[in-house]
Amino acid sequence: MDEVRGKLTLAEAELAKRDLKARVTRALSRLPPDSRACVSLVDVEGLSYEEAARTLAWPVGSVAGRLFRARRMLRELLREEAEG
């Protein structure tokens with residue numbers, strides 16, 4: 001019985017993970033392109049702010065500011081969807 005319960009728990013966890021990934025992907029697609037680029041490079045690809053700035057040919061401060069605003073927008077979009 002515990003083995004079946006464990007498999008259900010793993011299956012439920014996998015479904016929850018897929019659902020979260022889908023919600024994040026939808027929210028990312030709603031961000032402005034500059035904001036999406038910052039999030040993708042820093043939070044998804046793991047680049048430093050400096051590396052992202054070189055990639056985008058922006059000052060580091062621009063990356064930091066856009067990333068701050070993008071994360072705030074993402075939180076709000078995800079919150080709206082969860083309530084939704």
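Start with the largest pocket of this predicted model. About 170 Å³ of space lies in this pocket.

**Select the lining.** Pick Val24, Leu28, Val39, Asp43, Val44, Arg71, Leu74, Arg75 and Leu78. These residues line the largest pocket. Now colour by element. Helix H1 (2-29), helix H2 (33-44) and helix H4 (60-83) each give two or more residues to the lining. Which element gives the largest share? H4 does, with four residues. Next, colour by residue type. Six lining residues are nonpolar and three are charged, with no polar ones.

**Select H2 and H4.** Hide the rest for a moment. The two helices pack at an angle of about 95 degrees. Their axes are 8 Å apart. An angle from 65 to 115 degrees counts as roughly perpendicular, so H2 and H4 are roughly perpendicular to each other.

Now show the side chains of the contact. From H2, select Asp34, Ser35, Cys38, Val39, Val42 and Asp43. From H4, select Val63, Arg66, Leu67, Ala70, Arg71, Met73 and Leu74.

**Select serine 35.** Stay in helix H2, where serine 35 has its place. Is serine 35 buried or exposed? Its relative accessible area is 8%, and buried means under 20%, so serine 35 is buried. Show its neighbours next. Leaving out residues up to four places away in sequence, serine 35 touches Arg66, Ala70 and Met73. Arg66, Ala70 and Met73 are among the H4 residues of the contact with H2.

Definitions and conventions: Residues numbered from 1 in each chain as written. Predicted model: local features only at pLDDT ≥ 70, side-chain atom pairs only at ≥ 80, totals over all residues. Heavy atoms only, no water. 1 Å grid on protein atoms, 1.4 Å probe; cavity = no way out; pocket = protein on both sides within 12 Å on 5 of 7 lines; lining within 4 Å. Points joined across faces, edges and corners; volume = space filled by probe spheres on them. Nonpolar A, V, L, I, M, F, W, Y, C, P; charged D, E, K, R; others polar. Axes fitted to C-alpha atoms, helices over the stretch in contact; angles between N-to-C directions. Parallel < 35°, antiparallel > 145°, perpendicular 65-115°, else oblique. Contact = heavy atoms within 4.5 Å. Buried < 20%, exposed > 50% of the residue type's maximum accessible area, 1.4 Å probe, protein only.
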